[in-house]
Amino acid sequence: MKRRTLLALAASTVLLAACNQSPTTDAETNAADSAATGGSDLLQRINNGGTINVGTEGTYPPFTYHDESGKLTGYDVEVTRAVADKLGVEVEFKETQWDAMLAGLDSKRFDMVANQVSLTTPERLAKYDKATAYSWSGAVVLAPTDDNRYSSWEGLKGLRSAQSLSSNYGELAERYGAEVVPVDGMAQAIQLVKQDRADFTMNDNLAVLDYLKKFPGSALEIKLTAPVSEQTGSGLVLLKGDDAVVAKLDEAMAALIADGTLTKLSEEFFGADISQQK
């Protein structure tokens with residue numbers, strides 16, 4: 001009698017447990033399927049020749065902008081298209097304001113970002129991964145072509161540097177002992193150098209190369225470039241944790257370096273190779 005009662009109670013318990021289980025959601029099913037096939041949704045799309053979604057500004061020349069015909073282009077955009085071609089996938093760009101770029105990545109509105117994002121803070125390094133860098137930047141000194149006083153960074157001491165007081169480059173100029181001539185921005189700084197009201201100006205390598213490409217007869221040139229240890233690389237950025245995808249992106253980038261595509265795109269948009277540290 002007791003044995004029969006215990007069996008009945010056990011059966012009832014199993015039945016109640018089954019009834020109280022929540023139904024499996026589509027998301028849970030998809031996640032389980034993804035895990036069973038050995039990769040993330042993004043990895044599967046890449047392996048199956050699908051579409052990757054990439055966040056970019058579209059208003060930040062020469063990196064990402066619309067040309068006169070309205071086509072989205074720019075160095076970051078064309079590098080991403082070349083990567084997609086190597087991977088055998090389609091790419092769809094989702095234009096987003098800079099302030100919302102990483103938030104869009106966080107919410108998985110897109111798979112990755114191509115917009116000169118650098119992972120230089122502990123917070124970003126903990127949250128995001130970056131594929132092999134396709135551009136390198138750092139501080140450079142821009143001065144008149146016929147001025148030969150720039151053999152070393154230490155040689156800037158006592159010279160006049162046209163800089164915005166709120167910029168990192170103004171602080172850097174002061175660190176090397178230069179006298180800072182205050183300006184509102186890079187355009188004004190260049191004018192003061194041309195007028196001999198300042199000896200040089202300091203700015204980011206990519207910004208200066210963009211200026212020199214647009215104005216080749218400016219009689220200015222880069223005199224000093226930041227050492228390799230102080231240069232910052234930018235590449236495709238995605239949420240941390242998808243190592244297999246990062247590996248595929250790195251492989252594609254290595255192929256673009258080897259076949260000269262990155263050098264060609266660099267020279268097209270900047271007149272110099274920015275894809276390698278120098």
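I start with L165, which counts as exposed at 59% relative accessibility; exposed means over 50% relative accessible area, buried under 20%, and partly exposed in between, with a 1.4 Å probe and protein chains only. Before going on, the provenance: this is a predicted model, where local features need pLDDT of at least 70, side-chain atom pairs count only at pLDDT 80 or more, and totals for chains, interfaces and linings use all residues. Residues are numbered from 1 along each chain as its sequence is written, and side-chain values use heavy atoms, with hydrogens and water left out.

L165 sits in the loop between β9 (160-163) and α7 (168-175). Helices are DSSP runs of H or I with at least four residues, strands are runs of E with at least two, and both are numbered from the N terminus. Setting aside neighbours within four places in sequence, L165 is in contact with V180 and P182, contact being heavy atoms within 4.5 Å.

Next, N115. Is N115 buried or exposed? N115 is buried, at a relative accessible area of 1%. Its place is in the loop between β5 (112-113) and α6 (122-127). The N115 side chain makes a polar contact with the side chain of T56 at 3.3 Å. A polar contact here is a pair of N or O atoms within 3.5 Å; within protein, one must be able to donate a hydrogen and the other to accept it, and residues adjacent in sequence count only if both atoms are side-chain atoms. Beyond four places in sequence, the contacts of N115 include Y60, D76, W98 and Y134.

Now the helix pair. α4 (75-87) and α10 (243-258) pack at an angle of about 105°, with axes 9 Å apart. Axes are lines fitted to C-alpha atoms, for helices over the stretch in contact, and angles run from 0 to 180 degrees between N-to-C directions. That makes α4 roughly perpendicular to α10, on a scale where under 35 degrees is roughly parallel, over 145 roughly antiparallel, 65 to 115 roughly perpendicular and the rest oblique. From α4, V79, A82, V83, K86 and L87 meet residues of α10, among them K248, L249 and M253.

That is the end of my part.
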